[in-house]
Amino acid sequence: MNSSQTPSRPPLRSVLLRSRKHTILGFDPQKLIKYFFGSNASVAIIVLVLIMVFLMREGVDFLPTYQRELQTYRRAGLEFCDIIDQPLQRNQALSSSLRQALSASLETLSKTARDRRDAAFQLKRQVEDKTARPRESLTQALEKTPPPAPDQIEVLRRELKEAATSAAKSLEYPDLFTAAEREQLQREFAALTPESTDMPPLLQALVAEFSAKDREARTKFAALVTAQEEFEEATEPLQEVLDELKAKALETKEKAVEFEALETNRLRLLEAAAKETDAEEKASLTKEAEASVAEPVNMEERTKEITERTAELREQVEKYAGVVEKAAAELPQEAGTEAARRLINEVRADIPAHAREMRAAAARLDGWRWDKPVSIFSVIGAFFFGTQWITNSSWQDFFGFVPLLTGSLVIAAIAIVIATPVSVVAAIYTNQFASDREKEIIKPIIEFIQAIPSVVLGFIGISLVGNLIKDVSEWSWLQWVPGFPIQERLNMFNAGCLLAFMAVPTMFSLSEDALNNVPRAYIDASDALGATKLQTVFRVIVPAGISGILSAILLGLGRVVGETMVVLLVAGNRIAIPDFSAGPGVIFHPAHTLTGIIAQELGEVSRGSSHWQALFMVGIVLFAISLLVNWCARAVARRFEPHKA
Amino acid sequence: MTPSPSNDNPFAGDNSGIQKRETAARWALRVGSYIVVLITLAIMLHIFTKGAPVAFQSKWPFVNTKFLTELPATLHVIEDQQGNHIETDVNGADAIKKQLGDNFRAEKTISYSGGGILGPIIGTALLVIVSVGVALFLGVACAIYLSEYAKHGKFLEMVRLAILNLAGVPSVVFGLFGLGAFVLTAPKFVSVVAERSVLAIPLGFTTLSFEGWDTCVLSGGFTLAFVILPVIITASEQCLQAVPQGFRETSMALGATRWQTIRYSVLPFATPGILTSSILGIARAAGETAPIMFTAALAFKDKLPWQKDMPPLPVDASIFAHWEQSVSRFLGIFTESVQALPYHIYTLAAKIPQNEYAERAQYGSVFVFLVLVASLAASSVMLRKRLRAKYRW
């Protein structure tokens, strides 16, 4: 400010207050800078809104689309068939129980014979595997035209013989065989040649032994055998009628879908023609539109053909129920084993309910109307409370949300139950008891877990944890654990363990912060009252920090529910509501999850289809869940805030 | 009360029971915390013992260069009559079969398990560069506002709430968002407007059409940027807050404007910290799979992003034509979909049948991936420690 050079010195006040700012387009640059940063700050808000907008844009059409699909499902008569077909599915479960009971009973007599036969065949296969190469060479040599010199074949034969002898020797023979039998098996295996098509004599004897035992067992449990057969065959006449109706309904549905596709195409062409200015183009478009005219399907007539047979169907259902009940009455009280007897009793108890259900379904057939409209509320209900998620089905796609939600929730619960004690204990220990050196080991390592990518943990679940859990579940002294031995390597428990591991760092750090924030005065007061360290920790510090710990658990829950790759790789991906009748052992069943289904299926569906929209709906629900969990965590943190000392 | 030696406190009660309980509880807590540590170490050890033999070798140069410098390929395993297994690729298979002649017995092909993992590494690097670039720009600006400009009020509260919530959004939802926003809707200059375009603004020489970028590095990078944005904002704000208030007051007292204060007396001291913490963001971006599944990643690609077929230029092409082609080749890197390491691991783990050859590729990729991510995370921690020691106000 060269105020001294100006001829007349301006008053000091105006110099001080003179604006030295230049402006850009009439704006103060300082303000502009501030607005620039402010607008960047609002990016977080904008992104949240955009996420909502884009999820909505792709997903919001789901309800009307699904409504249309369900409407077709009803009008074409598929729903009519499902009234009977759904309860009939129960038959399969029941007859599989019976089959299990039967085979368990038969095994009481024939198990040894069967095991001996199977073991012998397995040993034979092992020998064949081990001698595969010389055998192949020999076979090739034998098939060659002209045949090679006999001495050459002899060499190959000798090679095979040697290989077979050594292979037969190196086998581990189970205790099922006596020493003499072992020797005989060894001899027979060593003598195996490609030409011999007959089974070696001992194997034949073993097969005969088994079939004799099996016959004996079947005569002993003849009542069970016939009951099981009757039960299984009972569906056949009913199924026949039903299959006819189903084929008819499906044909109607396909025609309706085709008509709809042609119709939309026609309308689009007409619209394009209306917009088109070029006369020639317009004519060709209109012509094309006219060509795509399709015959509308007379749903009413076609469904009438189905409903006409209601009486026949009911008659069959009645017959079926009668046969089934008769089979239930014929089921013997006794079975080979305790487990089998329990299974039979369960089936006997279930059959009346099943028969009742079938009759009730038959009674409902009359009330069914093909033209009853599908209300939007029932569509919402079908999505949020539907128990089936079936896609790419030749019959009908269902988008029911419950199986996915239960899978997600059970896995999250397992993870939280495991992770909470571990991380809270670790937080308490590091915060209150650990020496500085211990802290320097524990904290970075636990925080390092956060840096492990989730796909790596998922891979660990497949390659390491799955086998580990399976092996452990086969230990004999752990058989009291429900669900052991487990069937599937990839299951909800496995996924839960890995997610717990992932959630530990979040929960650990936040809990530790919460403990750190407990006012010093609380601890001093407790010490002054003569409390021991343990008393101070558990009666003063932990209760004071409980709000932080709870919100840490909630945030961990949010992380667990939203995790994708681990559940996609490890949870087993079976889309069904886990079978809670198995008790606590249900955690060892496979399941599918909200996040996993998106990751797995979105890549394979075409844009705008109902499946695509359904997946975006799932995304909307996930987004809502994450917001809810966050809100709860904040609310908890506020609610239990300790009074600041 | 048992008689105690005279030098003890005569008023003290018998504490031995309490002390025992105290020690027991302490040990229980200690065991609980070390379980987590041990599990972590066990997992690391498992990956190391299985993966290191793939990535390293006992001969010079000790690193398995083939694994690190080749693209993934289908592995062909040829067995001869003697039971030897020969591993080769598509091109080698026929030659070896011819050479073996009658000796040939069987051939197995294992997808994705041959060659190396250069493609995925490059792809991940590109994604990280784009995402960290975008996230640093937005995140640091946001942090500057929060730390230097914002006053308590509705807006500030909303921003903080939004950041918190953004941090909690599941990564697969970010994937859906990226698919809807960047792959299908983002604006793009085109000459012919696609049918799916939401809005097309003619600009004379070209058209700005909201038709999306397709699956490519840009879409994936932007999606990842929003995934790591909360991390970057929080870390940067902490670094800005750590600069003592006195620096700002001094600067303001000397008559500097707010921007000058930020530019000359806050940012220089906060930048090292911001950059260090953003390394954590890099590690996170490199590790995410779900957001790039639908926006950028491919299961298989036999070319690097810049190996694109271009029409050969005429011999007498001007320097300008060459220049133009190089530029379009460079830009093409970002508009191609790529392989990425996490997605490659997912493919290897879930999409192909498991056997020894697939297992080798799996553990090798996991090992390399983990080493990259872990070294990033570790370097961030170490640098932060150093910085703390250096700037102590």
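## Strand pairing, domains and a helix pair

Strand β1(B) and strand β2 (residues 85-88) of chain B run antiparallel and are joined by four bridges. This is a predicted model, in which local features need pLDDT of at least 70 and side-chain atom pairs count only at pLDDT 80 or more, while totals for chains, interfaces and linings use all residues. Residues are numbered from 1 along each chain as its sequence is written, and chains are lettered from A and ligands numbered from 1 in the order in which they are written.

β1 covers residues 72-80 of chain B and also runs antiparallel to β3 (residues 104-115) of chain B. Strands are DSSP runs (E, at least two residues) and helices are runs of H or I (at least four), numbered from the N terminus; two strands pair if DSSP finds at least two bridges between them.

| Strand pair | Bridges | One bridge pair |
|---|---|---|
| β1(B) and β2(B) | four | B:V77 and B:E87 |
| β1(B) and β3(B) | eight | B:P72 and B:G115 |

Chain B is assigned domain 1 (1-55), domain 2 (72-115) and domain 3 (118-301 + 337-390), with bounds from an automatic or database domain assignment. The C-alpha centres of domains 1 and 3 of chain B lie 41 Å apart. Seven residues of domain 1 of chain B contact seven of domain 3 of chain B, contact meaning C-beta atoms, placed from the backbone, within 7 Å.

In chain A, the axes of α11 (residues 235-275) and α14 (residues 310-330) come within 9 Å and cross at roughly 160°. Axes are lines fitted to C-alpha atoms, for helices over the stretch in contact, and angles run from 0 to 180 degrees between N-to-C directions. α11(A) is therefore roughly antiparallel to α14(A), a term for angles over 145 degrees. Among the residues that meet are A:L238 and A:V241 in α11(A), and A:L313 and A:V317 in α14(A).

Definitions and conventions
Contact = placed C-beta atoms within 7 Å. Parallel < 35°, antiparallel > 145°, perpendicular 65-115°, else oblique.
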